[in-house]
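Work through these exercises with the sequence and the 3D view side by side. Try each task before you read its solution.

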Amino acid sequence: MVSAESLHAVLLERSNEEITVKFRFSSEKGEVEDESLPFDGSDDLASGVEEESDDVTIQFGDDEGSGGEMFMGSEFDELEEGGGVGEEVEDTWNFQAEFDDVLDKCAEHGYEDPKIAFCSSTSQIDDVELRLPPDETDEEEAEETDHGLPLPASRSTLLEMLEEQYEGEVDDGRVGFVPMHRTGDGYQRVLALIARPGGPVLSTLKSMQDQTLSRSPQTRLLDAEVSLYLGLARSMLQLPPGTPEKTILVRSGTEDTLVLFMEGNTLRQSEHLPELTAEDSAETICSRVLLLQDEYGMGQVQHLMLVAEKDEEVLASAFKSYFSTAELHVLRSHLPGGEDTEAEAYVGAMGVALRLLDDAEFAPYFQPINLLAKEYVASRLRLPVGWPVPALLTLLAVATLGFVWLYFMNASTISERRSELQSLKQKVAQVDQQALQRRIDSLQAATAEYAGANETLDTLLQGSNKWSSGLATVTGQMNDIRGLTIDQWSPQSNAEVRVLGRSTDRSKVVQLAQQLDGSILGLTFTETRDVSLYDFEVTVPLDTTEPGAIEYWREQRGEQLAAGEDAVEVGPQEASASAPDSSTTPTAPSPAARAAPNPKAASASGEVEASGRAQGRTDTVDAASSIWTVVVASVLESAAAEETAQRFRKRLDGDAYPVQVQQSPKNGRYRVGVGRFASVQNALSVLQDMNGILPEGAWLLKMTEADEDAAPAEASASTSAPSDPSESGRSV
């Protein structure tokens with residue numbers, strides 16, 4: 001039971017068709033008192049201060065001069081618009097702390113989550129009497145039941161009428177209707193109970209719901225005093241429906257007084273007296289009830305019910321003397337455990353708890369009124385924990401389902417991959433392992449061949465990349481020494497480069513020059529940010545040595561030519577015409593032959609020789625103008641060179657293609673040359689036409705002026721005395 005200043009709670013338990021009271025709780029709204037004041041009232045005035053008369057008039061301004069206008073009227077306009085200085089602003093009481101104490105006491109008695117029902121005092125409820133026009137179709141009034149007359153119209157119709165007759169704010173879910181008796185002129189009446197916006201109950205429940213870590217209580221019901229006491233009076237009297245007996249119920253409290261007039265089981269009139277409290281005398285209360293009885297024309301009353309929060313016995317004795325013919329009932333004695341307590345303030349709390357218990361002895365007599373907003377009604381499905389726990393459980397369930405789904409997806413992917421591997425395994429099992437091994441061996445052999453070819457190519461290219469190899473050598477040495485950097489690299493000549501750089505130590509420059517066999521041209525000391533640096537200039541020689549592989553190849557080819565191992569194969573006709581030396585061995589075609597193959601060369605060697613002679617006659621000139629020749633052999637000894645020259649003189653036409661021996665002034669080797677041509681194109685054309693006749697290693701040579709002067713003597717010697725080795729061995 002919640003009023004503007006107090007809270008009264010009762011815990012009821014129903015077991016084995018018996019209702020027992022577990023405990024009662026009462027709390028008053030705290031009041032702040034200023035204890036620093038020296039006196040509380042007029043009797044405590046300080047000595048020497050005279051009490052002034054209460055009859056004092058204060059006037060601001062001059063009535064004659066100002067026309068009755070208030071002084072500083074603009075400062076008081078807002079007070080007048082707001083209803084005056086004396087109007088009090090209602091302060092909503094939040095009793096969450098007291099309510100938490102009630103719930104803690106319930107937990108101590110073993111009820112951690114009880115069902116909660118509230119009853120608001122009449123001061124928190126507005127009541128409006130709705131009058132409906134008489135129903136012309138119904139000649140007689142509807143029959144009365146245990147809880148009075150039924151509503152004369154639907155709830156929607158009553159709400160529409162309420163909006164027309166009530167000026168305040170109306171929440172459709174927080175309105176209750178109590179049927180009343182007809183008026184003398186036949187109008188049907190309904191008492192509308194309207195819960196004001198906010199209020200202590202809703203304010204407290206809202207603050208508890210805002211606390212996300214705590215569960216809101218199981219609030220089920222919010223009733224009003226008029227409907228609640230009306231139902232309690234019906235359950236106590238249990239009058240048969242349609243009885244003409246009249247009843248007056250008086251609830252006298254410390255804040256106000258409520259009077260209900262009943263005829264049978266139906267409400268006839270409700271009167272709220274805020275100016276009359278339990279502090280007033282019993283005679284005052286009784287006389288006021290008598291005046292209301294006469295005002296509403298109740299006539300003789302058969303039953304009188306009393307609920308008093310203070311001096312209930314004194315008030316009951318006064319009512320007996322004023323209403324001698326009426327039967328007096330104390331409502332507290334009718335409730336479970338009511339006789340064990342003297343606090344009549346628990347009547348409202350016990351009444352609303354009985355509504356919630358839905359006991360057969362009380363339930364049929366209550367009006368179905370619930371003024372609690374829907375958002376504050378606890379769900380029937382209630383968890384024993386706060387909302388964070390279900391939220392975390394839901395999140396955990398979603399995460400679990402996600403991981404399960406991911407597990408099955410991975411399992412499906414693994415199954416697919418296993419199926420693919422099984423199919424590949426079957427394919428591998430069908431492959432011929434020996435054939436596969438042969439393929440592997442072939443690939444490995446090709447790899448080894450390519451690797452060897454790369455190594456040979458590297459050795460052949462040695463000397464042609466002298467700049468890059470020289471730079472690699474210098475940078476490699478500088479990396480080994482450390483502390484050296486290159487600023488500039490420039491060639492000095494074909495065999496030397498100039499390196500400009502910087503060093504952190506002078507000894508490192510000397511070490512670099514020693515390892516590279518270089519010369520230090522300059523060394524300059526500089527100091528930058530307290531760091532000593534040396535700018536140096538060094539010349540480094542490059543390696544210009546001709547690759548040894550080339551010299552070795554040339555020597556091998558010369559020895560083979562000297563031994564007659566490079567003689568080419570000839571056709572049958574040429575073999576019979578001019579057979580080569582028996583020591584000659586057939587070799588592979590020359591590179592020129594591979595570049596331009598002649599499939600008819602073996603069968604038409606005579607035609608090739610004839611065409612070669614004709615080309616020689618047209619292209620060759622005298623010895624003074626010939627500068628190119630075809631070298632067919634290069635040997636170290638003159639005897640071997642002369643022998644090779646004699647062999648080729650026998651093969652070729654000496655007039656068209658003179659064969660001469662020439663000693664190189666560079667390395668002293670003896671070269672055997674065929675023909676003397678004015679241009680390199682003519683020499684190359686003859687070399688291609690005589691493919692298969694000349695050896696594979698034949699190459700072109702440009703003769704010097706000295707060679708040109710000695711050429712006629714050699715030519716005559718070769719024609720006059722071809723068999724003289726000493727004569728043919730002269731250097732040309």
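**Exercise 1. The second largest cavity**

Which residues line the second largest cavity?

*Solution.* Keep in mind that this is a predicted model.

Step 1. Find the lining. It consists of Ser120, Gln124, Ile125, Arg174, Ala195, Arg196, Gly198, Gly199, Pro200, Val201, Leu202 and Leu222.

Step 2. Sort the lining by class. There are 6 nonpolar, 4 polar and 2 charged residues.

Step 3. Look for the main contributor. Helix H5 (residues 199-210) gives the largest share, 4 residues.

Step 4. State the volume. The second largest cavity holds about 80 Å³ of space.

**Exercise 2. The largest cavity**

Find how much space lies in the largest cavity, and describe its lining.

*Solution.* Step 1. Start with the overall count. The structure has 8 cavities of 30 Å³ or more.

Step 1. Take the largest one. Its space comes to about 170 Å³.

Step 2. Go to its centre. The lining has 20 residues, and Met1, Ser3, Glu225, Arg251 and Glu309 are the closest to the centre.

Step 3. Name the elements. Strand E1 (6-15), helix H6 (225-237) and helix H10 (347-357) each give two or more residues to this lining.

Step 4. Sort by class. The lining of the largest cavity has 5 nonpolar, 9 polar and 6 charged residues.

**Exercise 3. Strand E6 and its partners**

Work out which residues of strand E6 are buried on each side, then find the strands joined to E6.

*Solution.* Step 1. Recall the pattern. In a regular strand, side chains alternate between the two faces of the sheet.

Step 1. Check the burial. In E6 (residues 188-195), 8 of 8 residues are buried.

Step 2. Strand E4 (residues 125-132) runs antiparallel to E6, joined by 8 bridges. In this pairing, glutamate 129 is opposite leucine 191.

**Exercise 4. A β-α-β unit**

Which elements make a right-handed β-α-β unit?

*Solution.* Step 1. List the parts. The unit is made of E11, helix H8 (residues 312-322) and E12.

Step 1. Inspect the strands. E11 pairs with strand E12 (residues 327-330) in the parallel sense, over 4 bridges. Histidine 303 has glutamate 327 in E12 as its bridge partner.

Step 2. Pick a residue in the unit. Valine 307 belongs to strand E11 (residues 303-308). Its relative accessibility is 2%, so valine 307 is buried.

Step 3. Compare chain and space. Valine 307 and alanine 345 are 38 residues apart along the chain, and their C-alpha atoms are separated by 8.4 Å.

**Exercise 5. Counting disulfides**

How many disulfides does the count come to?

*Solution.* Step 1. Recall the bond. A disulfide joins the sulfur atoms of two cysteines covalently.

Step 1. Apply the cut-off. A pair counts if its sulfur atoms are within 2.5 Å. The count comes to 0 disulfides.

Step 2. Look at two cysteines. Cysteine 106 is buried because its relative accessibility is 4%. Cysteine 119 has a relative accessible area of 0%, so this residue is buried too.

Definitions and conventions. Residues numbered from 1 in each chain as written. Predicted model: local features only at pLDDT ≥ 70, side-chain atom pairs only at ≥ 80, totals over all residues. Heavy atoms only, no water. 1 Å grid on protein atoms, 1.4 Å probe; cavity = no way out; pocket = protein on both sides within 12 Å on 5 of 7 lines; lining within 4 Å. Points joined across faces, edges and corners; volume = space filled by probe spheres on them. Nonpolar A, V, L, I, M, F, W, Y, C, P; charged D, E, K, R; others polar. Buried < 20%, exposed > 50% of the residue type's maximum accessible area, 1.4 Å probe, protein only. Pairing = 2+ DSSP bridges. Right-handed = clockwise from strand over helix to strand, strands pointing away.
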